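This report describes the architecture of a single protein chain, from its overall form to individual residues. The sequence and the model are shown first.

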Amino acid sequence: MKEVICICCPKGCHLKVDETNNYSVTGNACPNGAAYGKEELTHPTRILTSTVRAEGGLYPRCTVKTAAPVPKEKLFDVMAALDSVLVTAPVRIGDVVLHDVCGTGVDVVATRNL
């Protein structure tokens with residue numbers, strides 16, 4: 001049995017996930033917690049926030065995030081891919097900065113106007 005703290009809401013339920021019983025979850029206050037507990041042990045994902053280099057704007061870097069969660073094991077690959085990105089102003093919130101990052105099917109989008 002594994003213990004996980006749910007991050008779906010500020011409550012932070014202490015979940016117990018039974019790997020031997022089809023990943024059954026206890027300790028959750030809502031259905032989101034049950035889904036999170038199972039996913040965290042079977043296929044953990046994260047939304048990644050970072051910055052990329054920018055030129056022609058007010059700031060030398062532009063904040064970005066993945067438009068959807070990416071597999072946790074790909075986080076370092078995604079960060080490496082972002083290291084080579086250079087955006088040129090104007091950039092608007094929601095603009096795709098990097099399409100289908102590392103073959104995940106997830107785009108990286110700008111979270112700041114430049």
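## Overall fold

The model is a predicted one. The protein contains two helices and ten strands, and along the sequence these elements follow the pattern β-β-β-α-β-β-β-β-α-β-β-β. Its radius of gyration is 18 Å, whereas the globule rule gives 13 Å for 114 residues; the protein is therefore more spread out than a compact globule.

Taken along the principal axes, the C-alpha atoms occupy a box of roughly 55 × 25 × 15 Å. Of the 114 residues, 32% are buried. Among contacts with a separation of 6 or more, 43% join residues 24 or more positions apart.

Strands of a sheet pair through backbone hydrogen bonds, in either a parallel or an antiparallel sense. Here, five strands form an open sheet in the order β8-β5-β6-β10-β9, and the pairing is mixed. Its edges are β8 and β9 (96-98), each of which pairs on one side only. On average, neighbouring strands of this sheet are turned by 45° against each other, direction ignored. Helix α2 (residues 75-83) packs on the sheet, where it touches β5, β6, β9 and β10 (108-110). The direction of α2 makes about 10° with that of β5.

Strand β5 (residues 49-55) takes part in both senses of pairing. With strand β6 (residues 61-66), β5 pairs in the antiparallel sense over five bridges, and T51 stands opposite T63 in β6. The hairpin of β5 and β6 has five residues between the strands, and in this hairpin G56 takes a positive phi near 85°. With strand β8 (residues 86-88), β5 pairs in the parallel sense over three bridges. In that pairing R53 stands opposite L86, while the bridge partner of A54 is V87.

## Helix α1

Helix α1 (residues 31-42) has twelve residues and reaches 17 Å from its first C-alpha to its last. This span is close to the 16 Å expected at 1.5 Å a residue.

The buried residues of α1 are G33, Y36, G37 and E40. These residues lie on the same side of α1, because they cover an arc of only 100° around the axis. The elements that cover them include β1 (2-5), β2 (14-18), β3 (24-26) and β4 (45-46).

## Helix α2

In α2, the residues L75, V78 and L82 are buried. Seen down the helix axis, the buried residues of α2 fall within an arc of 60°, so they line one face of the helix. On the other side of α2, F76, A80 and D83 are exposed.

The cover over the buried residues of α2 includes β4, β5, β6, β7 (70-71), β9 and β10. Among these elements, β5, β6, β9 and β10 belong to the sheet on which α2 packs.

E40 lies in helix α1. Its relative accessible area is 14%; because this value is under the 20% limit, E40 counts as buried. Leaving out residues up to four places away in sequence, E40 touches V4, R46 and K72. Of the strands that cover the buried residues of α1, β1 spans 2-5 and β4 spans 45-46; V4 and R46 fall within those ranges.

V64 is located in strand β6. It is buried as well, with a relative accessible area of 2%. Leaving aside neighbours within four places in sequence, V64 is in contact with L48, T49, S50, T51, V52, L82, V97, V108, V109, A110 and T111. L48 and V64 are 16 residues apart along the chain, and their C-alpha atoms are separated by 8.4 Å.

How values were computed: Residues are numbered from 1 along each chain as its sequence is written. This is a predicted model: local features need pLDDT of at least 70, side-chain atom pairs count only at pLDDT 80 or more; totals for chains, interfaces and linings use all residues. Side-chain values use heavy atoms; hydrogens and water are left out. Helices (H or I, at least four residues) and strands (E, at least two) are DSSP runs, numbered from the N terminus. Buried means under 20% relative accessible area, exposed over 50%, partly exposed in between (1.4 Å probe, protein chains only). Contact means heavy atoms within 4.5 Å. Two strands pair if DSSP finds at least two bridges between them. Axes are lines fitted to C-alpha atoms, for helices over the stretch in contact, and angles run from 0 to 180 degrees between N-to-C directions. The expected span of a helix is 1.5 Å times one less than its number of residues. The arc is that of the directions from the helix axis to the C-beta atoms. The radius of gyration is taken over C-alpha atoms; the globule rule is 2.2 Å times the number of residues to the power 0.38.
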